[in-house]
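Morning, everyone. Let me put the model up, and then I'll walk you through a few elements of it.

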Amino acid sequence: MSLLETVAERDGWRCWVCDEPVDPDMSVNDPRGPSVDSRTADRKAKIAERLAHRGCNTRKGAVTVVIAWPDHLYVVDPAPLITVAGRLERKGGRELVARCPTEHDAQQAAEWLVDRFSRLVPGLPVSAGITAGGGQFLVTLVAGRRR
């Protein structure tokens, strides 16, 4: 089995950058085709290679990718998710990731974050907490021990 197939199977044929499905039958030269991306230059990273669309991989180049928060979530001061993922992966603990105006918005953001982190940092158990304070709701991610 090739490196591409091994990485793609492990990542469930989803692009780690945009979180959209990757078609295994698409040409590797097509922008929506599969490619193997070195997620980080950090030699201590647990997972060095990840599956990405050829276009996503090319667009990000050698710079740190930005994981976009979905437009349907209403969050204020959203944290840069790649930075959060790196810190939680290295150190564990808790990290404040967003403020939301309503508890419903915070709940939606928390659910999306837990789902997204399950693919962004596979094997790192992450849960989300919501705390009310100052007329807003704070969303916090908590990382447990890696499986």
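Start at Ser127: its bridge partner in β5 is Val142. This is a predicted model, so to speak: local features need pLDDT of at least 70, side-chain atom pairs count only at pLDDT 80 or more, and totals for chains, interfaces and linings use all residues. Residues are numbered from 1 along each chain as its sequence is written, and side-chain values use heavy atoms, with hydrogens and water left out.

Back to the strands. β4 and β5 (residues 136–143) run antiparallel, joined by eight bridges. Two strands pair here if DSSP finds at least two bridges between them. Helices (H or I, at least four residues) and strands (E, at least two) are DSSP runs, numbered from the N terminus.

Now the whole sheet. It is open, with three strands in the order β3-β5-β4, and the pairing is antiparallel. Which strands stand at the edges? β3 (93–100) and β4 (126–133) do; each has a single partner strand, so one side of each lacks a neighbour in the sheet. On average, neighbouring strands are turned by 25° against each other, direction ignored. Axes are lines fitted to C-alpha atoms, for helices over the stretch in contact, and angles run from 0 to 180 degrees between N-to-C directions.

What lies across this sheet? Helix α3 lies across β3 and β5, running at about 155° to β3. Contact means heavy atoms within 4.5 Å.

Next, the helix pair. The axes of α3 (residues 81–91) and α4 (residues 103–120) come within 12 Å and cross at roughly 65°. The two helices are therefore roughly perpendicular, a label for 65 to 115 degrees; under 35 is roughly parallel, over 145 roughly antiparallel, and the rest oblique. From α3, the contact takes Leu81, Ile82, Val84, Ala85 and Leu88; from α4, Trp112, Leu113, Phe117 and Leu120. That makes nine nonpolar residues, no polar and no charged. Nonpolar covers Ala, Val, Leu, Ile, Met, Phe, Trp, Tyr, Cys and Pro; charged is Asp, Glu, Lys and Arg; the others, Gly among them, are polar.

Last stop, Tyr74. This residue lies in the loop between α2 (54–60) and α3. Tyr74 and Pro101 are 27 residues apart in sequence, yet 7.8 Å apart in space, C-alpha to C-alpha. Leaving aside neighbours within four places in sequence, Tyr74 is in contact with Cys100, Pro101 and Asp105.
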